[in-house]
Amino acid sequence: MTDLYSERLIKATRKHHHCEQCGRKIEIGSPAHYAFGVYYGDTFSNHTHVECHAAARAYAELNNAWGEEYPWFQHMDRDMDWTGWLLEHHPIVAERLNIEREEDEVAV
């Protein structure tokens with residue numbers, strides 16, 4: 001149960017952060033999404049790249065994956081069927097996660 005939740009867009013970060021979605025560094029001066037809340041009595045805060053936040057939100061809406069089901073891409077099992085969706089709809093995020101399109105093997 002979420003007791004408190006607040007989020008906002010930071011136009012330009014003042015220091016480095018690490019994106020909770022892809023695990024990569026958010027550079028100083030870059031826009032970022034910031035969230036803060038209390039979940040079952042524990043406080044949390046996180047920063048994500050704007051693109052990573054948009055991809056996670058879109059995936060959650062598409063799959064009704066909210067609360068404990070919310071996607072955290074860097075921690076998700078790559079055997080699940082989300083990497084193709086990410087490659088097609090959010091290629092910037094897929095690249096940050098080092099997800100590559102599987103090339104069809106051509107018989108020589």
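Visitor: Which elements each supply at least two residues of the lining of the largest pocket?

Guide: This is a predicted model, in which local features need pLDDT of at least 70 and side-chain atom pairs count only at pLDDT 80 or more, while totals for chains, interfaces and linings use all residues. Residues are numbered from 1 along each chain as its sequence is written, and side-chain values use heavy atoms, with hydrogens and water left out. With helices (H or I, at least four residues) and strands (E, at least two) taken as DSSP runs numbered from the N terminus, the elements that each supply at least two lining residues are β1 (2-10), β4 (32-39), β5 (42-48) and α1 (50-63).

Visitor: How much space lies in the largest pocket?

Guide: A pocket is an open set of points on a 1 Å grid over the protein atoms alone, where a 1.4 Å probe fits and protein lies on both sides within 12 Å along at least five of seven lines; its lining residues have an atom within 4 Å of a point. Its volume is the space filled by probe spheres set on the points, which are joined across faces, edges and corners. For the largest pocket that space comes to about 480 Å³.

Visitor: Of the residues that line the largest pocket, which are the closest to its centre?

Guide: The lining holds eight nonpolar, eight polar and three charged residues, where Asp, Glu, Lys and Arg count as charged, Ala, Val, Leu, Ile, Met, Phe, Trp, Tyr, Cys and Pro as nonpolar, and the others, Gly among them, as polar. Its largest share, four residues, comes from β5. Of the 19 lining residues, the closest to the centre are Y5, F44, G67, Y70 and W72.

Visitor: What is the volume of the second largest pocket?

Guide: The second largest pocket is lined by R8, I10, A12, T13, R14, K15, H17 and H47. By class, that lining has two nonpolar, three polar and three charged residues. The volume of this pocket is about 160 Å³.

Visitor: Within what arc do the buried residues of α1 fall?

Guide: Helix α1 has 14 residues and reaches 20 Å from its first C-alpha to its last. Its buried residues (under 20% relative accessible area with a 1.4 Å probe, protein chains only, against over 50% for exposed and in between for partly exposed) are C52, H53, A55, A56, Y59 and A60. Seen down the helix axis they line one face, because the arc they fall within is 165 degrees.

Visitor: Which exposed residues does the other face of α1, turned away from its buried side, carry?

Guide: Just after this helix, N64 takes a positive phi of about 50 degrees. On α1 itself, the face turned away from the buried side carries the exposed residues E61 and L62.

Visitor: How many disulfides does a search of the whole structure find?

Guide: A disulfide is a pair of cysteine sulfur atoms within 2.5 Å. The sulfur of C22 is 3.8 Å from its closest cysteine sulfur, in C19, and so too far for a bond, and the sulfur of C52 is likewise 3.8 Å from that of C19, too far for a bond. C22 is buried at 8% relative accessible area, and C52 is buried at 0%. The number of disulfides found is zero.

Visitor: What pattern does the protein chain follow, read along the sequence?

Guide: The chain has 108 residues, of which 35% are buried, and its C-alpha atoms fill a box of roughly 60 × 35 × 20 Å along the principal axes. It contains three helices and five strands. Read along the sequence, the pattern is β-β-β-β-β-α-α-α.

Methods: The expected span of a helix is 1.5 Å times one less than its number of residues. The arc is that of the directions from the helix axis to the C-beta atoms.
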